Amino acid sequence: MSPRRSYDQYCSAARALDTVGDRWTLLIVRELLAGPRRYTDLHADLPGVSTDVLASRLKDMERDGLTTRRRLPPPAAAYVYELTVRGRALLPVLEALGAWGADDLGERRPTDAVRAHWFALPLLRALREAGAGEGLVEVHADEGDFHLYAGMDGDGPVYGDGPAPGEPDARLVLDAGTCAALSRGELGLRDAVRDGRVGVTGDGTVAKALREVLREG
């Protein structure tokens, strides 16, 4: 395990960067906001990271109290990594970074990897800004399906791959261009629903709140 590097500055921002400022650390947090993940799953969803670097970062994060590692019971018998309360507290940091970096997102480059669930945090922000309330939301996008826990505070997952585990409060259908426009902040979710760029179905409070814009205009 590598020794902790420090800026040696008596400043809370510097102390925070001592812990999360290394390359890949915050992106590992992004992945673990989906709940416990195996090493192989993390490596698959972090294209570009080497196995050595990923293993080193995970050890550092466990040492710094951001993650824990536990063994699943048989028949899985595999180790998974998950966020601690302190690690999960980085959610608003990632959301703020995503909002701050939206102007730099631009159009997708040919070399850019993409995973459907990377749109989860921008969509959570869009749902909050749209006043959609609280609920389980299933999203069907060109890149794949994922689900979100909108407005739900607690220690459970923030999002997950694949269909929702149970009946969702709303189902959203949108294409890659709309996902990107929402992520870049060029388009609000209420406008996207009004313009027909996001299809909304379901009987929960989230679906009803989003469909309200159709009755407004």
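Ser 183 belongs to helix α9, which spans residues 176–183, in this predicted model. Because its relative accessible area is 6%, below the 20% limit, Ser 183 counts as buried. Leaving aside residues up to four places away in sequence, Ser 183 is in contact with Ala 102, Leu 105, Phe 119, Pro 122 and Arg 125.

Two of these partners, Pro 122 and Arg 125, are also listed among the buried residues of helix α8. Helix α8 covers residues 120–129, and eight of its ten residues are buried. The buried set consists of Ala 120, Leu 121, Pro 122, Leu 123, Leu 124, Arg 125, Ala 126 and Leu 127. Just beyond the helix, Gly 131 adopts a positive phi of about 65°.

The largest nonpolar core comprises 55 residues, and those with the most contacts inside it are Leu 33, Leu 127, Leu 148, Leu 189 and Leu 210. Helix α8 is the greatest contributor to this core, supplying six residues. Leu 189 touches Ala 126, Leu 127, Ala 130, Leu 182, Val 198 and Leu 210, again not counting residues up to four places away in sequence.

Strand β7 pairs in the parallel sense with β4 (residues 135–141), and in the antiparallel sense with β8 (residues 198–201). On the β8 side, Val 173 has Gly 199 as its bridge partner.

A separate description concerns strands β1, β2 and β3, which form an open sheet in the order β1-β3-β2 with antiparallel pairing. Its edge strands are β1 (37–38) and β2 (67–71), each of which pairs on one side only. Helix α2, residues 25–32, packs on this sheet and touches β1, β2 and β3; the direction of α2 makes about 100° with that of β3. In the pairing of β1 with β3 (residues 79–83), Arg 38 stands opposite Val 80.

| Strand pair | Sense | Bridges |
|---|---|---|
| β4 and β7 | parallel | five bridges |
| β7 and β8 | antiparallel | four bridges |
| β1 and β3 | antiparallel | two bridges |

Key: Residues are numbered from 1 along each chain as its sequence is written. This is a predicted model: local features need pLDDT of at least 70, side-chain atom pairs count only at pLDDT 80 or more; totals for chains, interfaces and linings use all residues. Side-chain values use heavy atoms; hydrogens and water are left out. Buried means under 20% relative accessible area, exposed over 50%, partly exposed in between (1.4 Å probe, protein chains only). Two strands pair if DSSP finds at least two bridges between them. Contact means heavy atoms within 4.5 Å. A nonpolar core is a set of buried Ala, Val, Leu, Ile, Met, Phe, Trp, Tyr and Cys residues joined through side-chain atoms within 4.5 Å. Axes are lines fitted to C-alpha atoms, for helices over the stretch in contact, and angles run from 0 to 180 degrees between N-to-C directions.
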